[in-house]
There are 2 protein chains.
Amino acid sequence: MNQDANPQWQRDAVRGALAFAQAERPRFVRELADFVRFESVSAEPARREQVARCASWLAARLDSIGLERVRIVSTPGHPIVTAEWLQAPPHPTLLVYGHYDVQPSAPNAAWSSPPFGAHIHGTSLVGRGASDDKGQMWAHVKAIESFLRTSGRLPLRVKCVFDGEEEIGSPNLLRYLAAHARDFAADAAIVSDMPMLGLNRPALTESLRGVLSMEIEVLGAPTDLHSGLFGGVVDNPLNALCKLLAGLHTDDGRVALPGFYDRVRTPPHHERAYMARVGPAAADVLRAAGVARGTGEPGFTPYERGTIRPALSVTGIVSGHAGSGGKAIIPRRARATLDFRLVPRQDPREIAELLGRHISAAAPPTLRVRTRTLVVSDPVTVPRAGPAIEAAVDAVHAAFGATPVFIRSGGTVPVVHLLRRWRIPTVLMGLALPNDGMHAPNERLYLPNLHSGIAASIQFMARLAWPFALRERRAS
Amino acid sequence: MNQDANPQWQRDAVRGALAFAQAERPRFVRELADFVRFESVSAEPARREQVARCASWLAARLDSIGLERVRIVSTPGHPIVTAEWLQAPPHPTLLVYGHYDVQPSAPNAAWSSPPFGAHIHGTSLVGRGASDDKGQMWAHVKAIESFLRTSGRLPLRVKCVFDGEEEIGSPNLLRYLAAHARDFAADAAIVSDMPMLGLNRPALTESLRGVLSMEIEVLGAPTDLHSGLFGGVVDNPLNALCKLLAGLHTDDGRVALPGFYDRVRTPPHHERAYMARVGPAAADVLRAAGVARGTGEPGFTPYERGTIRPALSVTGIVSGHAGSGGKAIIPRRARATLDFRLVPRQDPREIAELLGRHISAAAPPTLRVRTRTLVVSDPVTVPRAGPAIEAAVDAVHAAFGATPVFIRSGGTVPVVHLLRRWRIPTVLMGLALPNDGMHAPNERLYLPNLHSGIAASIQFMARLAWPFALRERRAS
């Protein structure tokens with residue numbers, strides 16, 4: 001009988017790993033701070049070298065904790081870091097996904113400490129990527145280390161995939177995984193890249209919205225023009241852009257793009273009732289955003305508006321004079337970026353088509369418009385039942401002292417849709433607090449969640465292996 | 001009888017000055033290039049030192065050509081450079097106004113040579129300020145030099161005022177002049193800071209639009225928010241700003257601010273007929289802008305839309321992610337700058353009030369809005385007759401070989417309204433070509449216009465002094 005088919009061994013191994021993780025907390029936090037200091041902003045070409053150095057650093061850490069076949073996979077974009085430990089042949093294989101790339105840090109002036117300084121403020125580590133996703137993925141890396149350093153082995157087989165392009169839609173990761181599907185076959189997957197419900201209120205996420213990020217550019221005269229000499233005479237691309245964007249919402253807050261809601265279905269009553277019972281209250285959602293009053297589609301709660309309803313945000317406009325004071329010009333071009341969040345049955349590629357056609361038809365004939373798709377990711381819902389989910393519920397309960405509920409997220413993790421297509425049961429175990437500032441200045445990770453997350457990951461791996469261990473024991 | 005009361009002396013002095021200017025053309029251009037190389041951008045606080053150095057350089061040049069009492073007047077903003085030559089006691093006093101500050105150079109990538117490189121391309125000097133206004137004011141400085149170096153005197157008294165803040169509305173200049181009105185008393189003024197009608201088509205400008213530059217800021221959550229987690233839930237300041245701005249125009253291109261047109265009067269038929277006869281044709285206006293089709297208020301020609309009708313341009317928006325790619329955020333704030341151009345009887349301060357009230361009422365209650373006035377300048381019309389205008393018509397004819405027509409400009413030169421209030425007859429003698437790119441990348445000055453402008457200024461000073469010289473001669 002091999003050791004890991006022995007439930008007593010498993011219990012001892014978990015106990016040992018948990019004790020190790022407890023003892024090593026200060027070092028784990030120091031290492032995470034090192035990780036956060038890399039300016040691995042995938043959207044900024046100028047940071048390309050920093051992203052690559054972060055990948056190398058991560059690979060070296062994975063190698064040093066005993067993971068095997070650690071590889072830095074080059075892509076036309078940023079590298080993917082993979083690793084595995086497959087020495088538990090009859091046991092299930094767990095795919096661990098995380099991403100080491102981060103959002104841009106701007107506006108830097110809004111940070112109370114440097115965005116890549118990784119300073120500890122009270123019980124939180126502050127820095128771009130602290131919660132999204134370096135801190136959350138770190139929980140699983142350190143759980144693996146805790147097993148390997150104490151028992152010399154893991155309770156199951158593990159394949160790690162760490163993405164360098166999640167924040168730009170994972171284009172190369174999705175292509176790479178699709179081309180090497182057999183190498184990444186797994187019985188379950190775990191992804192921690194989302195918020196929990198609140199402090200000591202753990203949650204498993206059951207749906208993610210899709211994303212369609214588009215750029216709209218409006219072009220006018222070949223050069224900026226003097227607004228005194230030509231104001232009122234020549235069409236202004238920036239005026240026109242504002243009008244086009246204003247036309248994309250109705251007065252009551254719905255998206256006004258024709259056909260946008262055609263495939264949207266409202267979940268059945270019992271689903272909405274469950275959401276109302278276990279999900280965040282309106283006040284929780286608004287508090288996490290730091291606002292007194294919300295907005296949005298009539299007939300839905302704030303939680304529903306952010307999860308089961310699609311939305312459109314203008315995420316940036318750059319046009320004309322950006323410096324101090326004014327500059328008396330009609331800018332020659334105006335550019336906006338848009339972020340659609342989509343719900344099940346909506347197809348981002350179809351929405352991109354709708355938008356392109358709509359904008360072309362709505363633009364004044366005196367100006368040229370261009371639309372370009374930046375990021376596409378499909379919405380996805382994962383089942384609320386199955387052995388992996390059951391193992392996760394037990395593990396989270398053991399680690400956080402509370403039973404997780406199932407929540408929906410308005411965010412997007414592109415790989416999850418692919419895992420769903422591959423029919424790999426996927427656990428979405430959020431470890432961030434709702435106000436940890438993912439994508440915002442002063443992003444942070446509440447460090448007790450890192451430690452509970454490591455414990456939850458240790459428990460999860462053991463519990464996922466458990467039925468196999470029992471079955472094998474009976475067979476031996 | 002003193003020499004300058006002798007018409008023969010005057011004719012000789014003009015001939016000498018013209019010959020000197022002709023011989024010194026290469027040096028005059030080299031000096032203008034030195035002038036253009038100063039990055040005297042008044043709107044950019046970081047360029048403050050450059051503006052000051054430009055003022056010092058200018059003052060030294062004025063001193064070296066024999067102007068007297070050259071002063072650099074400090075202000076809370078940028079300095080004013082003044083100089084005078086008052087040794088022709090019974091003769092009229094001419095106030096020469098120009099500005100040595102320039103517009104920002106951005107977007108620098110759109111320039112074919114560095115914005116402050118002052119490169120010569122063919123027959124033009126390219127650089128920010130080449131035509132607006134360093135090159136145009138240089139014509140008068142070099143005319144003065146040409147007289148002083150050849151005859152040792154000027155045909156009339158001269159007071160020079162060179163502004164360092166024209167591009168930001170001349171706030172300190174207007175205050176300084178108002179506080180020292182007696183020091184700047186004059187019989188006539190000349191300002192060259194506007195386009196002519198076209199190549200070899202000289203023009204005197206008879207009206208300038210006023211300006212009201214405003215900033216609108218919309219503020220939402222205390223921090224940028226994740227557009228996945230909060231899109232559709234929390235009001236987006238940038239969406240709201242687009243809607244507010246789109247609401248400021250009707251579909252047919254009129255300004256939709258209530259009360260905006262209340263004081264606007266259409267000039268009488270004969271004035272519009274004169275404009276149609278001598279002013280730029282629609283094709284001329286559009287060609288100067290580099291566009292195939294115009295836009296604007298129904299019932300008016302492009303030339304009318306840009307001069308006798310008010311207009312509103314959004315000159316810049318900065319919000320959210322400005323870098324490459326997208327960034328999935330709801331920006332916490334959005335800022336736009338607006339440039340109103342106003343026509344006679346409209347009061348920029350009243351329009352600022354109207355806008356502030358309108359925006360406050362139209363903004364969603366979930367967001368805060370702030371409006372701020374950046375630049376205010378009144379519209380102004382100058383008479384088409386009088387000794388100064390007659391002298392200018394003759395001088396321009398002599399220098400350019402064509403009789404100037406009277407045109408209206410859509411631009412603004414704040415000092416002109418003050419000169420009008422002071423009842424100083426003012427000549428607005430444009431020396432730029434309509435496509436010289438004032439405020440645009442690749443701004444340039446067509447150098448033959450510099451030389452013709454110097455000749456016109458020499459002729460103008462002599463002809464303005466002429467009636468006095470004759471009168472004095474008869475009296476002697």
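Analyst: The model is a predicted one. R345(B) sits in the loop between β13 (333–342) and α11 (348–362) of chain B. Its phi is near 85°, which is positive, and R345(B) is not a glycine. Why does that deserve a look? Most residues other than glycine have a negative phi.

S170(B) is another non-glycine residue with a positive phi, near 55°. Find S170(B) in the loop between β6 (157–163) and α5 (171–179) of chain B. Is S170(B) buried or exposed? S170(B) counts as buried, because 28 C-beta neighbours lie inside 10 Å.

Now turn to the peptide bonds. Most peptide bonds are trans. The bond from A106(B) to P107(B) is cis, with omega near 0°. P107(B) belongs to the loop between β3 (93–99) and β4 (119–121) of chain B. In chain A, the bond from A106(A) to P107(A) is also cis, again with omega near 0°. There, P107(A) is in the loop between β3 (93–99) and β4 (119–121) of chain A.

Next, a helix. Helix α9 of chain B spans residues 282–289, and V285(B), A288(B) and A289(B) are buried in it. These three lie on the same side of α9(B), because they cover an arc of only 100° around the axis. An α-helix has 3.6 residues a turn, so residues three or four places apart point the same way. What covers the buried residues of α9(B)? The cover includes β10 (225–226) and α6 (227–230) of chain A, along with α10 (302–305) of chain B. Just after α9(B) comes G290(B), with a positive phi of about 80°.

Last, a pair of helices. Two packed helices are described by the angle between their axes and the distance between the axes. Helix α1 (residues 7–23) and helix α4 (residues 134–151), both of chain B, pack at about 115°, with axes 8 Å apart. That angle makes α1(B) roughly perpendicular to α4(B). The crossing of α1(B) past α4(B) is right-handed. On the α1(B) side, the contact is made by A13(B), G16(B), A17(B), F20(B) and A21(B). On the α4(B) side, K142(B), S146(B), F147(B), R149(B), T150(B) and S151(B) take part. Sorted by type, the residues of this contact between α1(B) and α4(B) are five nonpolar, four polar and two charged.

Conventions. Residues numbered from 1 in each chain as written. Chains lettered and ligands numbered in written order. Predicted model: local features only at pLDDT ≥ 70, side-chain atom pairs only at ≥ 80, totals over all residues. Buried ≥ 20, exposed ≤ 12 C-beta atoms within 10 Å, placed from the backbone. Helix = DSSP H or I, 4+ residues; strand = E, 2+ residues; numbered from the N terminus. Arc of directions from axis to C-beta. Contact = placed C-beta atoms within 7 Å. Axes fitted to C-alpha atoms, helices over the stretch in contact; angles between N-to-C directions. Parallel < 35°, antiparallel > 145°, perpendicular 65-115°, else oblique. Left-handed = near helix turned anticlockwise from the far one by under 90°. Nonpolar A, V, L, I, M, F, W, Y, C, P; charged D, E, K, R; others polar.
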